[in-house]
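Hello,

I am passing a structure on to you, together with some notes on what turned up in it. Please have a look at it first and then read on.

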Amino acid sequence: MKSLKLMLLSLLVFLNLISMTACWNYREIDKLAIVTGVAIDKGDDQKFKLTVEVIDFTGEKNTKAVSRTMTMEGKTIFDAARNAISISGKRLYWSHMK
């Protein structure tokens with residue numbers, strides 16, 4: 001009986017180790033545009049004008065960070081942020097924004 005409990009416990013630990021080894025929320029840095037600053041203005045025809053400063057990483061061996069600004073418009077702020085994907089080709093990553 002004791003060996004059966006030990007075997008079941010070992011099997012449970014082994015299954016947990018196998019199922020919990022992946023990176024859950026992993027994002028490739030080359031597929032993201034890291035936002036470092038943002039400005040919101042009123043645009044034409046009741047639209048919002050969103051200007052974001054993003055960091056682009058260039059090079060493979062000697063990585064260099066270059067800052068650039070993008071301006072886009074939308075009916076809402078969310079719509080303007082979604083329009084940035086068509087300009088940059090990358091999804092905006094807002095966690096480093098100030």
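Let us start with threonine 71, which lies in strand S3; helices (H or I, at least four residues) and strands (E, at least two) are DSSP runs, numbered from the N terminus. Before going further, please note that this is a predicted model, in which local features need pLDDT of at least 70 and side-chain atom pairs count only at pLDDT 80 or more, while totals for chains, interfaces and linings use all residues. Residues are numbered from 1 along each chain as its sequence is written, and side-chain values use heavy atoms, with hydrogens and water left out.

With a relative accessible area of 42%, threonine 71 is partly exposed (buried means under 20% relative accessible area, exposed over 50%, partly exposed in between; 1.4 Å probe, protein chains only). Leaving aside neighbours within four places in sequence, threonine 71 is in contact with Lys49, Leu50, Thr51 and Ile87, where contact means heavy atoms within 4.5 Å. From threonine 71 to leucine 50 the C-alpha distance is 5.7 Å, although 21 residues separate the two in sequence.

Now to the sheet. Its 4 strands form an open sheet in the order S3-S2-S1-S4, with mixed pairing; two strands pair if DSSP finds at least two bridges between them. Strand S3 (64-74) and strand S4 (91-93) each have a single partner strand, so one side of each is left without a neighbour in the sheet. From one strand to the next, the twist averages 45° (axes are lines fitted to C-alpha atoms, for helices over the stretch in contact, and angles run from 0 to 180 degrees between N-to-C directions).

Strand S2 (residues 48-58) pairs with S3 in the antiparallel sense over 11 bridges, and glutamate 53 stands opposite threonine 69 in S3. S1 and S2 also pair in the antiparallel sense, over 8 bridges; here lysine 42 stands opposite phenylalanine 48 in S2. The hairpin of S1 and S2 has 5 residues between the strands, and in it aspartate 45 takes a positive phi near 55°.

What lies across the strands? Helix H2 (residues 77-88) lies across strand S1 (32-42), S2, S3 and S4, and runs at about 130° to S3.

Lastly, the other helix in these notes: isoleucine 18 is placed in helix H1 (residues 2-19). Isoleucine 18 counts as partly exposed because its relative accessibility is 49%.

Enjoy exploring it!
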